[in-house]
Amino acid sequence: MDLVEQVKSRVEAAIAGSRLEIVPNDSPSGQRSLLVDAEHGVAVAKFLRYDMELRLDYCSNVTGVDWPEAEVSQKVKVKKVVEGVEKEVEEIKKTKRPGFLEAVYHLYSMEKKHGPVIIRMRTEDRAERNHLPSLMPVWRSAEFQEREIYDLYGIVFEGHGDLRRILMWDEFKDHPMRKDYREPDDYEYEPTPHDEVLEKAKQHASQEAAP
Amino acid sequence: MLGEGIIKGMAETARNFVGSYHDPERMTTVQYPEDKIAAKENARNFPFLVFDGDDAMKGLRCVACQICEKECPPKCIYIIKDTVKKPDYMGKMQVQAKRFDIDISVCMSCQICVEVCPFEAIKMDTEFELSSTDRFGGLLLDKHQLAKSNEYYQKIHPTEATEVDTRLAEEKAKAEAKAKADAEAKAKVAAAKLASPSQSPPPKA
Amino acid sequence: MSDAIIEPEVKEPETQVVSPPEGAGEVNYTILPKPDSSGELLEVAMGPQHPSTHGVFRMDVVLDGERIVKLKPVFGYLHRNHEKIAENTTYLGSMPYTDRLDYLCSMTNNWGYALSVEKLAGLQPPERAEYLRIITAELTRLVNHTCLVGFLLQDMGALGTPLMYAFRQRELILDLFESLSGSRMMCNYMRFGGCRVDLPAGWLEQAKKVTNDFPRFFDEFEKLLSENEILVARTQGVGVLTADLAINAGITGPMLRASGVNYDIRKVDKYGIYERFNFRVPLGDHGDVFDRYMIRVLEMRESLKILGDALRDIPAGPIMDPKAKIRGFRPKAGEAYGRIEGPKGELGFYLISDGSPNPYRYRVRPPSLINLTLLEDMCLGLTVADAVIILGSVDIVLGEVDR
């Protein structure tokens, strides 16, 4: 869609120093998104909201996504000596992509009735450096949704103003939607436990038997 | 006049009140459990296993393929395959289930198991008065409690059951016709061999 | 401290200081404001077990006499982590769980999810399926709005009479759903690429009868209520929401249109085959509770128009896309966001797929949760009774707020 490239060029022209990247999307929906760097997040958001042509005044959806550390395999052309002749051979190279958390914003315009423009912001890692600027001062609809992302994923939004847990109770410790979350295994009664439920129940029983 | 709107509203209420004594449209209460509303034909409550014929265990259509177990969203079905095979409605020996449990305290009546079953073995029942006083295992139905006859299925879902029966009868007829054609072809080849033994092909080098 | 005089400890009304999470920065976390009246403020939890809070929903209100000074909504009592369950289930297996999100409107929830998956996988439902989807969605809109009208009036103290009249009509529609999909509320009817099962014999006639009887119910209802002085006095001017604030806070659905903003996703996105139907979008002037109530009544009349046309024009044909698969459905890696105009607002589903049978990320954009953002802004300075009515007009269902 032309909309994504146009938005990218306008934003990069208007806000000095911002770096945007178009994230591809291979599925038939064709909704490509813009990766915004975290320092210019609020400035980009303000521009998107107040720009005369875009007028994206409605932030519809704020989502958190967890990308744990993964191995990415790529086919690389490498020059190798095969049977005495130097040839270019395709090899599979595996690289480790570090883990990060991500916040995805879907923006629409109620005034001009167009959209969606999708922007993403990524944290640096999943442990300590998980801060992102909050876009709540720009769009108030992000208030509850960013609280939910903090609650379930652990991304700390700076500048939010009221960042507490929203769905879990306040004293809860972990972040349930992360991929490495281990749920507590206090089953009351399982009539026919099998597979993983059986394993967990056995572990729990042995823990209870031993102090 | 202040209060006119309220009085108009009360006239409406009075009309409903008086009407409920003689107008059937306004008498909407059914005194359950003395009177029951008849279930709609497509209503679904909990699954049951269909068996053909008289013997529940011998006539079960289920072949323990475990597709329903995999597709069930809350994973309430538990199947253990048996080592002994039994003949199915077409006469072929099929695997059967040694244990087929459905935990109806977990089942959410979504009907996905019915949709994915390739053998028309599991269908939805309309009975919902299944409460039990036993908290642990009282709502766990096993193979014997789940097996209900094809006549019962015809009674509760007539259109669906007739459609299933016609399809199964057609498949059986086709299979029988194919078996007969195969047998005839074999008989012809055997007869041809007997008639001219010199025409047998030479052995391969 | 001398032990002769012991000062009584004066407890500050600011009892709810929440400690900031680690690394959150310099933000002020005191929830309560400093009181400027000389009396004490009363903190009341309109707690999770309450007949007027539409489910397990808590409002921590701070009262100065009878006026509300601060209001914080607390929810999460019905949190079942539907999004995580969906990451461990196939795409089809999540469909029955979407019924249980907004449990009054299960058909539109199903449609939202089916639409998003069809965007992700590139499936196109045939025409008869599109007509069936519109018919069931508009019937669901009728179901939801009758529920809302009944419950709002009950919150105002009408003790169940209008509620039971509304539910009498709702039962007729639920009977239609039962004969179509098998279950009254948890329908599980849509599939990716069409609908699960076709109409049984006699359903169209029954549906036409129900649709033709509905205007009589509306007229009866309006005679009962719309000139009622108590209703007018309690709802006009209460809970005013301006258009700018509503757009910024992401409010959608009848609440937004009551504030005067013309944004109906059926007209903007033109999903399904809504373009073929001629219906109007009612807009409100003031944005108060009375406008929201009347908008929903008018929307019900527009739904009847759509239903009349759809029931007349439905073509014969297949109901599933031939490319769609029931088992072994693996869409290509990518993401999609699909949204529909549910009866409560914009219901959106955001799906990220990585080529496996389970989704990588499954997110529900709940209209009820987003519409609650401005609950405090609407209730400040009003009484507790008004807060109950304003909450009733926001139209929340906790299954969707908490998921």
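Two residues are in contact if their C-beta atoms, placed from the backbone, lie within 7 Å. By that criterion, residues 24 or more positions apart account for 55% of the contacts in chain A with a separation of 6 or more.

This is a predicted model, in which local features need pLDDT of at least 70, side-chain atom pairs count only at pLDDT 80 or more, and totals for chains, interfaces and linings use all residues. Residues are numbered from 1 along each chain as its sequence is written, while chains are lettered from A and ligands numbered from 1 in the order in which they are written.

## Confidence

The predictor gives the complex an ipTM of 0.85 and a pTM of 0.87. For chain C the mean pLDDT (the predictor's confidence in each residue, from 0 to 100) is 84, and 90% of its residues reach 70 or more. In chain C, confidence is highest in strand β8 (residues 361-365), at a mean of 92, and lowest in helix α7 (residues 229-235), at 84. Residues 8-33 of chain C stay under 50 in pLDDT, and the model has 29 contacts for them beyond four places in sequence. Where pLDDT is low, the predicted coordinates should not be read in detail.

## Chain A and its side towards chain C

Chain A has four helices and nine strands, which follow the pattern α-β-β-α-β-β-β-β-β-β-α-β-α along the sequence. Of its 211 residues, 35% count as buried; a residue is buried if 20 or more other C-beta atoms lie within 10 Å of its own, exposed if 12 or fewer, and partly exposed in between, with C-beta atoms placed from the backbone.

Between the two chains, 34 residues of chain A are in contact with 41 residues of chain C. On the chain A side, β3 (58-67), α3 (142-153) and β9 (156-158) each supply at least two residues, and the largest share, six residues, comes from β3(A). The chain A residues that touch chain C divide into 15 nonpolar, 11 polar and eight charged. In this grouping Ala, Val, Leu, Ile, Met, Phe, Trp, Tyr, Cys and Pro count as nonpolar, Asp, Glu, Lys and Arg as charged, and the others, Gly among them, as polar.

## Helix α14 of chain C

Helix α4 (residues 127-158) of chain C and helix α14 (residues 384-394) of chain C have axes that come within 9 Å and cross at roughly 175°. That makes α4(C) roughly antiparallel to α14(C), a label for angles over 145 degrees, whereas those under 35 count as roughly parallel, 65 to 115 as roughly perpendicular and the rest as oblique. Axes are lines fitted to C-alpha atoms, for helices over the stretch in contact, and angles run from 0 to 180 degrees between N-to-C directions. From α4(C), C:F151, C:L152, C:D155 and C:M156 meet C:V388, C:I389, C:G392 and C:S393 of α14(C).

Nine of the 11 residues of α14(C) are buried, so the helix is largely enclosed by the rest of the structure. Among the buried ones are C:D386, C:I390 and C:V394. Just after α14(C), C:D395 takes a positive phi of about 65°.

The same helix α14(C) lies across β2 and β3 of chain C, at about 150° to β2(C). Those strands belong to an open sheet of three in the order β1-β2-β3, with antiparallel pairing. Two strands pair if DSSP finds at least two bridges between them. The edge strands are β1 (42-46) and β3 (67-74) of chain C. In β2(C), C:D60 is the bridge partner of C:A45.

## Strands β6, β7 and β8 of chain C

A hairpin joins β6(C) to β7(C) through two residues. Nine of the nine residues of β6 (residues 334-342) are buried. Five of the five residues of β8(C) are buried too, so β8(C) is largely enclosed by the rest of the structure. On one side of β8(C) are C:R361, C:R363 and C:R365, and on the other C:Y362 and C:V364.

| Strand pair | Bridges |
|---|---|
| β1(C) and β2(C) | five bridges |
| β6(C) and β7(C) | nine bridges |
| β7(C) and β8(C) | five bridges |

Within these pairs, C:G342 stands opposite C:G345 in β7(C), and C:I352 stands opposite C:R361 in β8(C).
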